[in-house]
Amino acid sequence: MAIDLHFGETAGRISENIYGQFIEHILTCINGGVYDPESKFADENGMRKDVLAHLGKMAPPVMRFPGGTIMCVYHFEDAIGPKEQRINRKNLIWGGELDPSFGTAEFITFCRKIGAEPMICVNMASGTPEEAGNWVDYCNGTGKSHYAELRRKHGYNEPFGVKYWCIGNESYAEPDIGIHHNVDLYIRDAMEFIKFMKLNDKSIKTVVVGSDDMVWNKRVLDALHRVTDYFSIHHYSGENGNGIYGPFDGEKKLKALLEEVSDLIDT
């Protein structure tokens, strides 16, 4: 086997954002994980100092919230303001109830503590474009609008400055809540969500949904490339019944997928 070394050559800068992470209301990821006011390790905000210390060492550049699949039933106004006034809903995705104690403001605080840029995924399945726009205004509003003033009333005078916003999660997945496994409906509604959101803050960067299905990817990119900034490819590489080499086969498929999508983006 020969190994060729090319000294002094660079292939360009790799964006550190590809090393981002996400948290979701599933099992003890958030409640009992990063957030546990009853823990002896809790700080003044109810976040576990031991977890924060480890995450600080990992230094994820971007952190996504609230999901993931839980996005399908997440309404941001349930989890803002005084804790005693927040709303508990059934967690239709993972079971039990969705604890509103860790909401938007807590997530922003969490990101600031570990040095990550916050990324918020909006509820396309059971939410509305107007709700998504209101969430942007609550986070980033600088004027005297209702939601900017509401954030100040909740104790946060300065805007959160959330740059990255995901337009849905795995919208193509038919078993998930919602109708957006139909690519035409995803395109139609994503366009409207982006309108409401960017009209509230034109500086935000939006992320539309990609998949393993190149027909889906081509349709979405053809329709939405003019109004979005990023394309998120959701791919699972695992054993999947293929034996110990399954993950390697998955990585090969991912590489081929990325090359195909890259060609679409160039187009």
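## Around serine 211

Setting aside residues up to four places away in sequence, serine 211 touches Tyr172, Trp216, Asn217, Ile233, His234 and Leu257. The model you are looking at is a predicted one.

Is serine 211 buried or exposed? Its relative accessibility is 2%, so serine 211 counts as buried, the cut-off being under 20%.

## Helix H5 and what covers it

Let's move on to helix H5. This helix has 18 residues, and from its first C-alpha to its last it reaches 26 Å. That is close to the 26 Å expected at 1.5 Å a residue. At the start of H5, asparagine 182 brings a side-chain oxygen to within 2.9 Å of the backbone nitrogen of aspartate 184.

Which residues of H5 are buried? They are Val183, Tyr186, Ile187, Asp189, Ala190, Phe193, Ile194 and Met197. The cover over these buried residues includes strand E5 (117-122), helix H3 (129-140), strand E6 (164-167), E7 and H6.

## Aromatic pairs

How many aromatic pairs does the count come to? With ring centres required to lie within 6.5 Å, the count comes to 15 aromatic pairs. One of them joins phenylalanine 65 and phenylalanine 102 in an edge-to-face arrangement, 5.7 Å centre to centre with 70° between the planes. This pair links distant parts of the chain, 37 residues apart: phenylalanine 65 belongs to strand E2 (residues 62-65), while phenylalanine 102 sits in the loop between strand E4 (97-98) and helix H2 (104-114). Both phenylalanine 65 and phenylalanine 102 are buried.

Tyrosine 186 and tryptophan 216 form an aromatic pair that is tilted, with 5.4 Å centre to centre and 35° between the planes. Here, too, distant parts of the chain are linked: tyrosine 186 lies in helix H5 (residues 183-200) and tryptophan 216 in helix H6 (residues 214-224), 30 residues apart. Tyrosine 186 and tryptophan 216 are both buried. You have met each of these residues above: tryptophan 216 is among the contacts of serine 211, and tyrosine 186 is one of the buried residues of H5.

## A charge over a ring

One more ring is worth a look. Where does the charged end of arginine 64 sit? It is placed over the ring of phenylalanine 22, 4.6 Å from the centre of that ring.

Technical notes
Residues are numbered from 1 along each chain as its sequence is written. This is a predicted model: local features need pLDDT of at least 70, side-chain atom pairs count only at pLDDT 80 or more; totals for chains, interfaces and linings use all residues. Side-chain values use heavy atoms; hydrogens and water are left out. Rings of Phe, Tyr and Trp (its six-membered ring) pair if their centres lie within 6.5 Å; planes under 30 degrees apart count as stacked, over 60 as edge-to-face and the rest as tilted. Helices (H or I, at least four residues) and strands (E, at least two) are DSSP runs, numbered from the N terminus. Buried means under 20% relative accessible area, exposed over 50%, partly exposed in between (1.4 Å probe, protein chains only). A charge sits over a ring if NZ of Lys or CZ of Arg is within 6 Å of the ring centre and within 35 degrees of the ring normal. Contact means heavy atoms within 4.5 Å. The expected span of a helix is 1.5 Å times one less than its number of residues. A polar contact is a pair of N or O atoms within 3.5 Å; within protein, one must be able to donate a hydrogen and the other to accept it, and residues adjacent in sequence count only if both atoms are side-chain atoms.
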